[in-house]
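Me: Could you walk me through this structure? I'd like to start with the annotation and then look inside.

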Amino acid sequence: MAGNIAKFTLKNLECMRGLIEEFDVKESSEVQELRKLRVFMTGEKFEAFKESIEKLEGDHPSLKGIYSILDGDALKEYGIHGAVGGALLPAGTVWPYRLVTKVFADILKKYPDRLTIETNTPVKNVEYDAACATQNAYTLHTSRGPLRAGNVIYATNGYTGHLLPRLRGRIHPFKGTMTVQDPGHSVSNQGENISWGFHYTPTYDAATGRSGYGLYYLGQSVKTGYFYFGGEDARVDETVSADDSFVGEHSVAHLRSVLPGFFGKDASPHWKLVSSWSGIMGFSSDGLPLVGRLPSSLSGRSGQGEWIAAVFNGYGMANCLLSGEAVALMALGKSVDWLPGAYRLGEERLKSALTERESVQALTAKL
């Protein structure tokens with residue numbers, strides 16, 4: 001199954017490239033083909049990673065060679081200091097907002113009688129009428145009035161629990177923080193060739209209640225040289241939250257303090273902060289997406305027309321596109337045998353892995 005998931009995510013990225021070419025947004029969305037440098041700050045994390053890659057390549061020879069393992073000295077050639085090892089793998093970057101809006105604009109022109117996009121129209125709740133004489137037995141109550149539908153697809157990610165309260169605890173929102181920092185001319189611009197992920201052992205400070213969740217993510221703009229740097233170091237009540245109306249001051253200060261050190265630079269004074277923001281991701285108790293028909297045990301309704309494609313655990317770009325295609329085909333009654341079985345809502349998963357207890361254990365394991 002692990003191999004199936006790896007192949008699925010690689011296929012998803014291929015389809016992303018195809019989508020970008022089809023809608024001619026390569027230039028406007030600043031697409032780049034590059035390599036990702038995964039950096040490990042501790043020997044324990046690095047050894048576990050190498051063992052995982054060895055197992056993957058042993059079980060799935062077709063995936064051999066995707067990862068190139070580097071030691072700490074080799075990382076210095078990329079300007080990285082203080083790490084024990086790392087790995088290079090094929091990757092890419094894209095400006096997703098520009099990609100999505102261009103695709104929406106084109107399909108709105110192509111299908112003006114079949115598609116509308118209703119912004120600022122939150123769905124408040126969903127009802128099902130088993131006695132309805134038409135196919136449109138669902139009523140979606142919105143801020144602008146009701147809508148009738150035969151199928152409802154939840155692509156609501158970290159906010160899903162608002163409409164599907166029986167999923168609360170099994171899945172949860174997770175608030176991430178991002179910064180844009182200007183290193184000036186203190187480091188070279190590698191944005192055309194490299195993006196980074198920094199892995200470290202999760203931390204917990206009992207005095208402040210703050211947790212470091214074990215991963216920083218970083219990209220660099222080719223045009224400006226600015227670093228786009230994110231990662232979570234905050235109290236659990238700040239991160240397990242659907243409120244992104246504010247940006248945590250401590251989280252921003254932390255991101256500013258640690259980034260220069262990765263490149264062997266003194267963190268004082270900080271690099272210029274260009275901007276910062278927060279965003280809500282969706283996480284599940286077992287770390288896997290939810291794709292497929294919602295059983296009545298989760299929807300709370302007897303109808304069979306509710307579906308979900310959500311909760312990508314921070315890896316949406318490698319999962320979303322094909323997960324959306326899969327759930328659409330399922331709703332049309334078509335087979336999607338290429339979707340990893342672990343993403344589906346089977347009874348075994350609901351009983352053993354996708355549970356409130358597992359969510360608590362996954363969160364507290366990082367404390």
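Me: What does UniProt place at residues 5–328?
Reply: The unreviewed UniProt entry places the feature "domain: FAD dependent oxidoreductase" at residues 5–328, and please keep in mind that the structure we are looking at is a predicted model.

Me: OK, now the inside: how many cavities of 30 Å³ or more does a search of the whole structure find?
Reply: The search finds 1 cavity of 30 Å³ or more, and the volume of the largest cavity is about 80 Å³.

Me: Which residues line the largest cavity?
Reply: The lining consists of Lys175, Thr177, Glu232, Asp233, Ala234, Glu238, Thr239, Phe246, Gly248 and Ser251, which by class gives 2 nonpolar, 4 polar and 4 charged residues.

Me: Switching topic, how do strands S1 and S3 pair?
Reply: Strand S1 (residues 32–40) pairs with strand S3 (residues 85–93) in the antiparallel sense over 9 bridges, and within that pairing Lys36 has Leu89 of S3 as its bridge partner.

Me: What about S2 and S3?
Reply: Strand S2 (residues 68–71) also pairs with S3 in the antiparallel sense, here over 4 bridges, and Leu70 stands opposite Gly86 in S3.

Notes:
Residues numbered from 1 in each chain as written. Predicted model: local features only at pLDDT ≥ 70, side-chain atom pairs only at ≥ 80, totals over all residues. Heavy atoms only, no water. 1 Å grid on protein atoms, 1.4 Å probe; cavity = no way out; pocket = protein on both sides within 12 Å on 5 of 7 lines; lining within 4 Å. Points joined across faces, edges and corners; volume = space filled by probe spheres on them. Nonpolar A, V, L, I, M, F, W, Y, C, P; charged D, E, K, R; others polar. UniProt positions renumbered as here; feature names shortened; annotations may be inferred. Pairing = 2+ DSSP bridges. Helix = DSSP H or I, 4+ residues; strand = E, 2+ residues; numbered from the N terminus.
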